[in-house]
Amino acid sequence: MAKSKMINLTINGLAVQAPEGTTILEAARMNGIRIPSLCYLKNLNEIGACRVCVVEVTGQKNLVASCVYPISEGMEVVTNSEKVKKARKLTVELILSNHRMECLTCPRNGSCELRELADELGIDTVRYESEALKPEFEESALHLVRDNSKCILCRRCVSACRNSQEVGCIGPNDRGFATHIGCAFDRNLAEVDCVSCGQCIVACPTGALTEKDDTEKVWAALNDPKKHVVVGPAPSVRATLGECFDMPIGTNVEGKMVAALRRLGFDKVFDVDNAADFTIMEEGTEFLERIKKNENLPLITSCSPGWIRYCEQHFPEFVPNLSSCKSPQQMFGSLVKTYYAKKAKIDPKDIFVVSIMPCTAKKYECARKEQKLENGQMPVDVALTTRELGRMIKRAGIMFNELDDEEFDPMLGISTGASVIFGATGGVMEAALRTVVEIVTGDEAAPIEFKEVRGFNGIKEASYELPGKTVNVCVASGLHNVCQVLKDIKEGKRSYDFIEFMACPGGCVNGGGQPYQTADVRGHVDLAKLRANALYKQDKKMEMRKSHQNPYVQKVYKEFLKKPGSKVAHEVLHCEYKPTKRFRTK
């Protein structure tokens, strides 16, 4: 690849260089100068709308938005003149005049980019006060609360929904002072084709978008002596929870997380990774059966509820290709309320299951009727995000950083390296290949690592030779990439046997329920890579790295499920997915 031509310019009197085509904002960043911004999200929302990033350019009459203004040879830029600082301060003051400020009680207290910017610019009073703003809550969706009284119209959520996730169910409505973000014709969010992925939440710089807080339900269960409360965190949570406590991005806090969950009062602390091993056993069996019958191929994974909902609404013709396996979250709850309940001699009605998830779509998944067990129970009672767990730990006064490591409770708490990597894009595919290849070849020394499906390209492809069959696989994350793959399959441009789709870009490590990071961090730090590396490091150190090696998985099959794909396994661990209308009617 040819090197980009380097452009010479000066920034604040310093001679610097940057590649041709670079914006002033990026050129400054490359040379150690940070220009504040608000609406800007690198590679996602580059629209120059908020005017916070303005700078002076010699020869230009007005200040220019550095996030969209390209550099040129000999350009002279000033990023910190009095004119620039006054313009930024005035802009933010005007934004604050139309922003409901309740910082002490806001869910984004401590992680609000607007508040941090106001502090950086020295704004200690609001000069332009508008009429008292009242909350404008939209709470129809199961996963999200929108409060437009805190919205600053940056459009970051809109870009995430349209450009990254290919859904586009929100956008600016009306004009002028009446402009607000909402759905078409101001429908409720529950009425439109939102897939509950939560990418709009992590894109939002303020408290205008937050997950629906279900922590009070968990506190109530923990304080109910009649309830036996079981908790299970998803694979990726151990690689992200530390960020809630100012630990470096990519710190694996599994042991401290387990210790904190015990101190919150949970009766059993199990691991959803264990359920991920069951997912591989069931999904691998299902794949081999479809290969044998040459039916409903490619098989497409069903671990991501955001992807499932997107498929049901936007590509219903691919519903028959979906694996009938429940997600690891739902398998976890199903096993707790069947196998564990029987072993512990507890009525399933008295068991309250809490999952800790990287994904707001898991809240929606908990309410899906097809997940219900034959004993009448829903597998998971409450799904909390990583952020919600972080808040619970802080409110309980637990000194997370000082906790000693503890281990999960056994029975449903032992996992393998295969299940750990579920949290990264390509992890489900790699875990499945580890087991499927060994089963088909009978070779216990079959490859452990399938690096072709690793990495963070939006779409990855690979082919593997099995006895009598070349298996073509695909991994895609982010619904924009998922949409492209499905369109290409329909047009005959691509052909696969097995596909892993994840709704969130980079997989669960970048889920909509993960800890907030500012646009500055999101634009210049590879969050997905750092978080996923923590999972791959744990996988590499583990003695058991294939799902079928898990002794507790083997025990549950022997005592309860009989074998992968059995009638009992289908009753407990499988369900049906159906096409749905893109717009619901009341």
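1. Phe 185 is exposed, at a relative accessible area of 79%; here buried denotes under 20% relative accessible area, exposed over 50%, and partly exposed the range in between, with a 1.4 Å probe and protein chains only. Although Phe 185 is not a glycine, its phi is positive, at about 60 degrees. Phe 185 belongs to the loop between strand S9 (180–182) and helix H5 (199–203); helices (H or I, at least four residues) and strands (E, at least two) are DSSP runs, numbered from the N terminus.

2. The model is predicted, so that local features need pLDDT of at least 70 and side-chain atom pairs count only at pLDDT 80 or more, while totals for chains, interfaces and linings use all residues. Residues are numbered from 1 along each chain as its sequence is written, and side-chain values use heavy atoms, with hydrogens and water left out.

3. Ser 196 is also placed in the loop between S9 and H5. Its phi is positive, near 70 degrees, in a residue other than glycine. Is Ser 196 buried or exposed? Ser 196 counts as buried, at 2% relative accessibility.

4. Strand S1 (residues 6–11) has a covered face formed by Ile 7, Leu 9 and Ile 11, and an uncovered face formed by Met 6, Asn 8 and Thr 10. In a regular strand, side chains alternate between the two faces of the sheet.

5. S1 runs antiparallel to strand S2 (residues 14–19), to which six bridges join it; two strands pair if DSSP finds at least two bridges between them. Ile 7 has Ala 18 as its bridge partner in S2. Two residues lie between the strands of this hairpin, where Asn 12 takes a positive phi near 55 degrees. S1 also runs parallel to strand S5 (residues 75–78), with three bridges, and Thr 10 stands opposite Glu 76 in S5.

6. Two bridges link S13 and strand S18 (residues 498–502) in the parallel sense, and Ile 499 in S18 is the bridge partner of Ile 300.

7. Axes are lines fitted to C-alpha atoms, for helices over the stretch in contact, and angles run from 0 to 180 degrees between N-to-C directions; contact means heavy atoms within 4.5 Å.

8. The peptide bond between Leu 297 and Pro 298 is cis, with omega about 5 degrees. Pro 298 is located in the loop between helix H8 (272–293) and S13.

9. Lys 563 lies in the loop between helix H18 (551–561) and helix H19 (567–573), and counts as exposed at 55% relative accessibility. How far apart in sequence and in space are Lys 563 and Met 281? They are 282 residues apart in sequence and 9.1 Å apart in space, C-alpha to C-alpha. Beyond its neighbours within four places in sequence, Lys 563 is in contact with Glu 282, Tyr 557 and Ala 569.

10. Tyr 128 lies in the loop between helix H3 (113–120) and strand S6 (137–138), and is partly exposed, with a relative accessible area of 33%.
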